[in-house]
Each structure stands twice: as structure tokens, then as C-alpha cells.
Amino acid sequence: MATTQTPLLFSTNNNGQPFIHNSHTRLFHFLNHSIVDISHLKQIHAQLLRTIHTNHHPQALLLHSRILHHSSLLDLRYATRIFHHFQNPNSFMWNTLIRAYARTADQKHKSMELYKAMLMMEREQQSAAVIPDNYTYPFVLKACAYLFSLSEGKQVHAHVLKLGFELDTHICNSLIHFYATCGFLDLAHKVFEKMSERSEVSWNIMIDSYASAGEYDTALRMFCEMQRIHYPDGYTMQSVISSCAGLGALSLGLWAHAYVLKRSDKNMIDDVLVNTSLVDMYCKCGSVEFARQVFESMPYRDVNSWNSMILGLAMHGMAEEALDYYARMVKVKGLVPNSITFVGVLSACNHRGMVNEGLMSFDIMTREYKIEPRLEHYGCLVDLFARAGRIEEAMNLVSEMPMKPDDVIWRSLLDACCKQHASLELSEELAKKVFESEGSTTYSSGAYVLLSRIYASASMWNDVGLLRKLMTDKGVNKEPGCSLVEIDGVTHEFFAGDTSHPQSEDIYKFMSEIEEKLEATGYVPDYSGAPLVDEVNEGKKNTMRLHSERLAIAFGLLRSRPGMPIRVFKNLRVCNDCHGVTKLLSRIYNVEIIVRDRARFHHFKEGNCSCKDYW
Ligand code: ZN
Ligand code: ZN
């Protein structure tokens, strides 16, 4: 306990009432400012307890509240002990502890427990001193949001309404954040709509929630509305730029970048979050060059900025450059890579089939940086082994993984088996694993298609038929292929065999021209990636020549300005035939074609692809 010679805080006056020496206002001043040392705080607290035996003196209460506040920032267990020392803590004290627990990583539930205890005390004592106030709710709601407790949060919402806080902007913002985090954007929007006064924060939370949920169009629409009322800040622009990235809309992304520059707000132009989201956006929209320019001109970069660049380069198959950036980040800048950095490094190695580099990076990650490998890291490594033809090593790795492999990992193994004509038993076993790990609610067609292809190559037509029947019975539908192409800032969407585009007639006429030119080069269709095996000969030819990216590329060739690269975004993996055709088209029409498929980017130029046919 304290043995310092600090002057006594309290004395007793003639009536036996404690009072505070004027000279101790110094201590008040001290407690009103930040304290970084818990032992010093404990000394003050001990002295306070020694010299005053009642908590009812208003100034004693004030000092205790201050001590509770400081200790809640320094040592939460100590703060909790102080708190329980009080028989009747007031709202300030409850709020202090609720807030402190809401900020912890693993004890947020205690915020909720405290809030319930607070309500109980209010009911028992009927005391105005413990009524939850406008400081209570933001933290209670924050705890509900991070615990995804929808029902508890809804109850809290009801209390907010009962106590008449529905006009409090700060509380409403917390409600919006709570509903959005729990995945109920409609409820979040309802609260937003009813607000009498919306701050920049209200708009930012709404826009960010839509962007994070993949509702990019809505996020951008709200941004347009917001501009009429508030100046967007760095947070707003970050959400706007990531929405452009999500849409793969380069022209929109360029516009957002120009908007940031036009604002001439030095803070925003230099903002590391804004710049990092620009790097990410340019990579996702297919322009690594712009991403690199933004990155190199950043006045300050954090680990996330480097991660965005490394992941972006990996996605474009530029493995060597991704590894160069990694080396620069670590060796030149002395930054400590994190878990995401290694997802970037490993996927860079994966896209190029660099098994040794991948293994080395995995080793550095776990041994040197002591980073616990996550499912994504194992996923990259398994896929790396499998695609490089080392299926046995991939399988060994899967069996050694400390966590349960997900359907993505099993599917990548099955995919490799299919391409490398592995044994039928292994393929069937893997397909079973995919079905099991997908669960009974999601019936994706991927594994069925792969398995039917394997049966077909073994001429097991009976099994192909059985599999088709199983798909029909279970209601498994093949995800329709869809490709987007942007021409002069307008995005055009094509599905496989689509005839709904207003210029469809021109497109199909042009496709016949394209086919003639392809045949003149000696092109022979590659059916190995045909989606379903029973689409024989002419059927196969027809479905493959009408794959959605073929239509999008044809429209791009027809309408985009000469010399401009054609950018296509596809929801599925590009098939062998389309890959080969796109290579030829880039040479025949002397145009750069950039295709983002489900897994990565392909840059087609002068008859070659940047993936070097490894995808
Ligand atoms: Zn195709
Ligand atoms: Zn490629």
C-alpha cells in the first residue's frame, strides 16, 4: 500500500463532515488529466480510502469517479473492484465500466451484463441516479454489434425509444452501426430514415455498410445524396472508392480519384486510408500501373498500403514484382508483415506455380514472424501443391492442418485431380468431401461438373447420367456465367447465349466475322473445359462460342475506341477455349484485353496471356 508523503486529501471539520483542502485542488487537476501509471493511481486511491470513510460526500464521489475512470483505462480488473466497492454506483460509474468492457477484445459480453444489472438496480431502487443515459447506449449497442446479439440489441432499441432517445444523433448512429454489423441493412436504413438530424457520421456508417455488404450501387447513390448536405471526408471517400473497386468500374474509380484531388484538401489527398483504397481499387479494376503510381506517390504508407499493392500484384499474376515489394517493405522500410501480407505473398507464388518460394514464405511467416497460419494460408499452399501436380503433398498438408478444411480447399484438390487425370477413387473421395463441407443448404454445381467430367473421361456414361439426375433431384443449378464490359463509362452485362442486349444483332453478326478470322488462323476449339459432358459436338461448340465473355469481348471490339484496352469482368473461371480464343483475338485485332475471372486477372496481349497459361 502507499507510503508516500503526499499531503492528506481530506480532513474533518467541526461538524465531523469531511471537506477538501484547497491545496488538494492540485490533485483534482491531476486526476482531470491523463494518468499513465497504475501504481501511482493506486497510491492516490489508497490515500483516499484512508482519509475518508464515507462515499456520500459529493466531492469524494467525484474523486472516486475520476479514479474509476482512469483505472478503467489502465487496469480493468482493478476498476471493476473499485466499482463493486460502491453500494450505489451512479450512472457515470456504470457508463465508465460498460464503456471499458465494450472496448475489450474478449469481454464485450460483460458490457451487456453490466447494463442488465444497471436496469435491475434502477428498478429496485427507483433511483434517478442510475437511469441509463445518452452515454450508456452507444457502448451497449457497440457490444451488441460485435457480439452479433440481434435480439438483445432489439431490446436495447426498445429501451432507447421508451426513454425518448430516438432524437439523439449519437445513439441513432450506434443503432445504425449495430443493425448493419448484424447484417440487417434494411433495419439500419429504417433508423437512418427516421433520424431528425443526420451527421456526417450517420451518412458514413450507412455508405460504408452498403459498400461492405457488396451493395455498391446503393453506396454510391447514397454518396450522391450526401454530397448535397455534407462534405464527404476521408472515411466517405474510402467507402466510395471501395465500391468502385467492387463494381470493377475503372471510369467510376477514376472519377472518385479526381474528386479527391479536386477537393484540394491536403488532409484527404495525403490520407493513408484513401490512398490505400485507391491502390486496391486500381488493382481490382485491372490497372496495376495506376495503382503503382498512387502507391509510389504516397507520403506515408502503412502495412495495409503495402498489403494492397502485394495482393494486387498477386491477383495480376505478377509474382516476381509482388515478392520485390514484399522484400522492399521488410528490408528497406523495416515494416513487420502481418497475416494478410503473407496471404498476398503466398497467392503470388500460387499464381505462378512457385512451390519453393511459397514453402519458404510459409516457413518465414510461422518461424520468424510467429504468425499463426490461417485457413487462407493453408488454402494457398494446398492449391499451390495441387496445381503444380504434387497432389500427394497437397493431401498430406490437408491432413496436417490444425483446422477443418473448407469446401474451397477440397474443390481446388478435385480441380487438380480432374486436370491431371488422377485416380477415380481419389476424385470421388474428394467430391464427397466437397459435398459434405458445402453443407446441405448450398448446392453449388462446381463439384458435380468436375466429377461428371472425370466420369466422362473414363467413359463411365452411366455415372454421368446418374450424376445429372442427382443434380436435378437436389435442385443444383449451374451458376450462370456473366461478364461485364465497360464502354465509355457505361457497363454492359452479358449472360451466356444472351440476346437481350439492344445491339444484339450487330454483336452476333460481328461474332460470325470473328469466327471466320479465327478459323483462318487454324484455330481448333478446345472442349476440355466444356461445362457439361453430354453437350456433344455441335452442342458443345454452340455453348462455348456463346460464353458470356465471348459476347462481352465482341461488343468491346465493336464499340471501344481504337487503342483502348478492353476490360471484362467474369463471375466464373475462364475456360480453356475462351482463354485460347482471347489470346488469338488480342493478336488479330491488335488490342489489349484484360479479363478478371473468379480467381485472377489475365492480360492478353499480342497473342499471349500474362498468366503464361497457368491458371
Ligand atoms: Zn469459355
Ligand atoms: Zn491467362
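Q: Which atoms count as donors of a metal?
A: Donors are N, O and S atoms within 2.8 Å of the metal (3.2 Å for Na, K and Ca), and since water is not among the atoms, sites may look incomplete. In this predicted model, local features need pLDDT of at least 70 and side-chain atom pairs count only at pLDDT 80 or more, while totals for chains, interfaces and linings use all residues. Residues are numbered from 1 along each chain as written, chains are lettered from A and ligands numbered from 1 in the order written, and side-chain values use heavy atoms, without hydrogens and water.

Q: Which protein donors does the zinc ion (ligand 1) have?
A: They are H547 (ND1), C575 (SG) and C578 (SG), 2.0 to 2.3 Å from the zinc ion. H547 lies in the loop between helix 29 (537-545) and helix 30 (548-559) and C578 in helix 31 (residues 576-588), so this pair ties together parts 31 residues apart in sequence. Helices here are DSSP runs (H or I, at least four residues), as are strands (E, at least two), numbered from the N terminus.

Q: Are H547 and C578 buried or exposed?
A: Buried means under 20% relative accessible area, exposed over 50%, and partly exposed in between (1.4 Å probe, protein chains only). Both H547 and C578 are buried.

Q: Which residues of helix 10 are buried?
A: In helix 10 (residues 185-194) they are L185, A188, V191 and F192. Seen down the helix axis, the buried residues fall within an arc of 120° (taken from the directions from the axis to the C-beta atoms), so they line one face of helix 10. The face turned away carries the exposed residues D186, K190 and K194.
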